[in-house]
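The following paragraphs lead through a structure, from its overall properties to a single site. Please consult the sequence and the coordinates alongside the text.

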Amino acid sequence: MASPSHLLVLVSLLLCGTILVATSGKVYTKVCDAERFAELGLNMSAFPYCDASLPYADRVRDLIGWMTVEEKVGNLGDYSRGAPRVGLPPYKWWSEALHGISNKGPSTLFDDLDSKPAGNHSGRAAVYNGTVFANVINSAATFNETLWKSIGQAVSTEARAMYNLGKGGLTYWSPNINVVRDPRWGRALETPGEDPFVVGRYAVNFVRGMQDIPGHDADNAGDPFSRPIKTSACCKHYAAYDVDDWHNHTRFTFDARVTERDMVETFLRPFKMCVRDGDVSSVMCSYNRVNGIPACADARLLSGTIRGDWQLHGYIVSDCDAVQVMTDNATWLNFTGVESSAASLKAGLDLDCGESWIKQNGKQLKDFLTEYGMAAVSQGKMRESDIDNALKNQYMTLMRLGYFDNIPQYASLNETDICTDEHKSLAVDGARQGMVLLKNDDNLLPLDPKKIRAVAVHGPHALAPEKVMDGDYTGPPCRYVTPRQGISKDVKISHHANMTIYFGGINLHIEKEGNDREDLLLPKNQTEEIMHFAAASPNPIVLVILSGGGIDISFAQNHPKIGAILWAGYPGSEGGNAIADVIFGRYNPGGRLPLTWFKNKYIYQIPMTSMDLRPVPKLGYPGRTYKFYDGPEVLYPFGYGLSYTKYLYETCTNGTAVMLPTDGRHCKGLSYKPSVATTPACPAINVDGHACTETVNFNVSVTNGGDRGGANVVLVYTVPPPEVAQAPIKQVAAFRRVFVPAWSTASVPFTLNVCKAFGIVERTAYTVVPSGVSMVLIENGDSSVSFPVKIDFSV
């Protein structure tokens with residue numbers, strides 16, 4: 001029997017979870033600390049899993065070998081119990097870092113400002129705040145891959161500092177990389193928008209910012225299963241998840257009926273990029289079913305695709321309570337808790353997120369795998385070897401994170417590395433870069449504070465509380481600047497001013513996790529107020545919109561007394577400063593919309609539950625996203641955004657031809673429009689069966705024709721041959737954000753891989769390169785250029 005002091009240590013470790021604290025009160029930053037083992041009454045040298053000279057795989061095998069089956073089952077949930085008997089402490093896996101360290105989930109422990117000094121409830125120093133960056137939809141609007149990676153790096157630095165202080169974990173279930181298929185989806189603010197390629201590039205860059213350690217990045221990995229990582233990111237929610245709660249269709253019961261073509265082309269593409277190009281260490285499966293099967297129990301989606309086809313180097317986790325949802329909500333196959341747990345584990349799930357940190361009626365809730373795992377084993381529905389495999393994926397990830405040994409270059413990070421001036425500067429710069437100017441009649445903006453000494457400020461978001469500016473999945477911000485505060489630094493605010501700025505939009509009561517939108521309109525009272533202030537003002541007014549998803553503001557776009565419209569998204573804690581910088585001309589807006597802003601009539605054209613991306617003529621469905629929508633004119637298209645200057649595009653490329661060798665491989669069929677009389681002998685080749693080394697190279701000259709320097713987003717699309725049936729109208733193949741000084745020209749080089757840029761997904765779900773003439777299109781609101789690319793095959 002263990003001594004009382006020994007038991008006290010174990011209780012302390014169980015209560016602290018992620019934080020390695022012993023009876024001495026010391027916060028340890030690694031499991032394999034001889035002093036920590038000694039406090040447990042153990043000799044660390046007796047456990048090979050703490051021998052840093054051994055390969056990770058050998059150490060993990062040893063660790064699991066020490067554990068009883070009961071101890072193993074106790075580590076299948078997000079509140080892992082550890083095995084204190086052999087020196088393994090509990091660990092809380094659930095942390096969030098969507099656009100800054102979040103206090104959502106049990107792992108991250110910010111101190112309470114209202115209870116100083118007693119608010120220091122954990123660790124060696126009090127931490128009351130973290131940097132809150134603009135929401136992901138804002139960051140996506142920058143089309144700036146360097147920014148995306150920099151934000152990931154800043155967030156992971158604050159995460160490691162929190163871990164060192166005993167206030168956080170190392171595993172973060174971010175980013176959200178679901179494509180925004182429908183404009184009503186409540187979680188659009190969390191995502192990088194509607195284009196699968198752009199979403200995938202965001203995922204790759206943010207993940208690398210969170211995970212990569214200099215000298216050990218994903219491009220120079222060596223053994224990827226042993227590559228050390230700074231923090232662990234998680235791409236979610238896999239797959240075809242984008243219905244939260246619409247007309248009684250909830251994410252817990254929704255069955256996404258998706259064609260294989262749409263899965264490959266849209267729903268899986270960002271995840272494939274995240275795993276293959278970003279080398280993410282975790283993927284989260286979603287609540288919904290996909291073609292009848294719960295995503296977290298679909299062996300083809302999990303073991304077959306993520307781990308088999310894409311070669312995930314990490315673990316697969318369920319969305320929180322997704323296994324329980326199979327039993328209690330979706331009632332899939334009338335499975336019991338035991339059967340749902342066994343089915344998920346065998347399908348490839350490694351970790352079950354539950355809400356075990358919550359107490360209900362005085363009882364701690366549990367995840368399903370921990371709750372029912374032993375019964376599943378005893379009933380012969382779950383093998384101990386399956387549990388071992390799940391634990392191997394978990395602990396290999398924790399080994400790479402330095403949870404057992406620490407990572408020396410991050411060991412000194414502490415409270416001084418949180419809310420730094422550098423991070424706050426990055427937050428305001430990111431918010432500025434994501435601002436999108438939607439209207440600017442007669443160059444109303446920017447305002448000159450030397451000429452306009454006062455403005456009237458109105459609207460519900462002028463004094464926006466944190467949850468309006470910061471959005472969801474946040475912690476307490478370093479500081480918080482409202483729009484009114486930002487404006488007041490430049491001019492006097494007066495109700496008698498001749499210039500009016502109205503701050504409107506929506507908030508998390510209308511769009512958020514668990515809540516889809518009923519329409520695409522502003523609240524009626526706001527529309528009436530805006531019209532009132534526009535009529536009463538002697539000059540055209542400025543309208544600033546805060547929202548994640550698009551809003552039908554046709555009335556404002558067409559109103560002569562509403563001279564300028566600026567979309568600020570949910571710009572984070574520095575948002576007030578960022579908005580003022582754009583309005584008063586210190587920053588020339590260069591953001592572009594990462595999703596289409598539809599008019600409200602869209603909601604009557606297609607139900608949110610239709611998963612079809614392409615138009616369905618027999619049902620009158622117009623198609624979804626800019627790639628396939630063929631309905632009435634939209635309000636603002638994908639990629640739309642104005643500037644305080646004009647940009648002209650030119651390219652010296654008149655066209656090019658590419659010959660792809662088939663290397664003895666077979667040609668693939670292609671669907672052509674009925675009007676096409678003759679078809680090529682070799683219509684297409686399968687991308688997966690080709691070396692894909694051919695490229696198209698060109699330069700785009702971007703000329704700034706104004707007296708203000710600014711950043712311009714160069715969006716490059718490819719357009720498939722017009723004779724191909726049901727192909728995308730166009731699709732993003734590349735993008736670059738480039739700064740162009742006033743009255744200057746910048747030359748922007750592009751290299752397009754032919755297979756990746758010109759490939760389309762055929763109806764059979766093959767990704768193919770079609771023969772014929774495709775187009776490269778580069779466009780913005782002021783200018784566009786294009787050139788043909790003729791693709792043929794040597795058979």
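**Charge, fold and one buried lysine**

The protein chain carries 74 positive and 82 negative side chains, and the centres of these two sets are 2 Å apart. Lys and Arg are counted as positive, Asp and Glu as negative, while His and the chain ends are left out; each charge is placed at NZ of Lys, CZ of Arg, CG of Asp or CD of Glu.

The model is predicted: local features require pLDDT of at least 70 and side-chain atom pairs pLDDT 80 or more, whereas totals for chains, interfaces and linings use all residues. Residues are numbered from 1 along each chain as its sequence is written, and side-chain values use heavy atoms, without hydrogens or water.

In the protein chain there are 22 helices and 32 strands, defined as DSSP runs (H or I, at least four residues; E, at least two) numbered from the N terminus. The radius of gyration of the protein chain is 27 Å, close to the 28 Å from the globule rule for 795 residues, so the chain is as compact as a globular protein of that length. This radius is taken over C-alpha atoms, and the rule is 2.2 Å times the number of residues to the power 0.38. The C-alpha trace spans about 80 × 75 × 50 Å along its principal axes.

Of the 795 residues, 63% count as buried, meaning under 20% relative accessible area with a 1.4 Å probe, protein chains only. Lysine 167, in the loop between helix H6 (145–164) and helix H7 (196–211), is buried at 0% relative accessible area. The side chain of lysine 167 makes a polar contact of 2.7 Å with that of aspartate 111; such a contact is a pair of N or O atoms within 3.5 Å, where within protein one must be able to donate a hydrogen and the other to accept it, and residues adjacent in sequence count only if both atoms are side-chain atoms.

How values were computed: Buried means under 20% relative accessible area, exposed over 50%, partly exposed in between (1.4 Å probe, protein chains only).
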